[in-house]
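Got your viewer open and a selection tool ready? Let's take a walk through this model, one stop at a time.

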Amino acid sequence: MDRYLRGARLWPDGWTKLRVDFVPRLPEIKPVTDIYRPVLTRFGFVSPVKDEWLHETLAVVDDRPASEVTGPELALFEGRLRERLGAVRPFTVTVGAAVAGRCGVLLDIAPEDEFQELRHQARDAVVEVFGEDADDYEDERPRISLAYGTALGDSRLLQGRLRSASGRRATLTVDGARLVEAVQDRKQHEIRWQELAFVPLGGAG
């Protein structure tokens with residue numbers, strides 16, 4: 001395993017970014033995450049994600065800092081998100097078990113189809129308001145990061161410990177997304193945010 005916050009993943013100094021995130025309900029995901037936390041704390045090359053910062057990123061305004069987004073642009077972006085996400089019906093997904101990857105520990109999200117559609121709608125809203133260059137987020141399989149890699153380490157050993165801890169899974173309700181201003185904390189190996197708006201899916205609430 002290697003560090004997560006390095007190379008192309010590092011934002012320029014002083015930047016925060018506008019993002020659209022799915023944030024799971026803690027009562028739904030904690031039965032899984034609580035099982036793995038005692039394992040993660042034994043390995044010095046990973047930093048567990050705190051409960052309040054568990055998320056899956058759907059879209060990012062990637063080509064400019066949040067400070068350069070004007071008030072009218074932000075209002076227009078939120079409006080586009082509400083239109084596009086309002087066309088998606090709430091659904092559920094399953095997460096788990098934990099997998100030690102190249103730069104962190106992940107909880108896979110399945111099935112992918114509805115979640116990918118939610119992601120595409122959020123990214124289309126980014127392009128509509130900020131242009132094609134603003135959407136440069138990697139189109140990877142959806143997952144929730146449980147820990148970030150902080151140094152070189154033996155992923156196989158960590159994976160063995162995680163597998164022994166549990167194969168438990170959890171069902172998550174996906175009924176909205178959060179428009180946030182996110183910051184990278186390189187010293188704490190943490191990604192935090194300030195929530196700007198909750199955007200419900202169609203029929204949620």
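Start by selecting F22, F91 and F115, which together form one aromatic cluster. You're looking at a predicted model, where local features need pLDDT of at least 70, side-chain atom pairs count only at pLDDT 80 or more, and totals for chains, interfaces and linings use all residues. Residues are numbered from 1 along each chain as its sequence is written, and side-chain values use heavy atoms, with hydrogens and water left out.

Zoom in on F91 and F115: their rings sit 6.4 Å centre to centre with 90° between the planes, an edge-to-face pair. (Rings of Phe, Tyr and Trp, for Trp the six-membered ring, pair if their centres lie within 6.5 Å; planes under 30 degrees apart count as stacked, over 60 as edge-to-face and the rest as tilted.) F91 belongs to strand β4 (residues 91-100) and F115 to helix α3 (residues 113-130), so this pair ties together parts 24 residues apart in sequence. Helices (H or I, at least four residues) and strands (E, at least two) are DSSP runs, numbered from the N terminus. Both F91 and F115 are buried, meaning under 20% relative accessible area, while exposed is over 50% and partly exposed in between (1.4 Å probe, protein chains only).

The structure holds 6 aromatic pairs. For another one, select F43 and F45: with centres 5.7 Å apart and planes at 75°, this pair is edge-to-face too. F43 counts as buried at 11% relative accessibility, and F45 is buried at 10%.

Now show the strands. In which order do the 5 strands of the open sheet run? The order is β2-β6-β5-β4-β7, with antiparallel pairing (two strands pair if DSSP finds at least two bridges between them). Colour β2 (46-48) and β7 (170-174): these are the edges, each with a single partner strand, so one side of each has no neighbour in the sheet.

Last stop: select helix α1 (residues 26-40) and helix α4 (residues 155-165). Their axes come within 10 Å and cross at roughly 145° (axes are lines fitted to C-alpha atoms, for helices over the stretch in contact, and angles run from 0 to 180 degrees between N-to-C directions). Show I35, Y36, V39 and L40 of α1 with L158, R161, L162 and A165 of α4, the residues that make the contact (heavy atoms within 4.5 Å).
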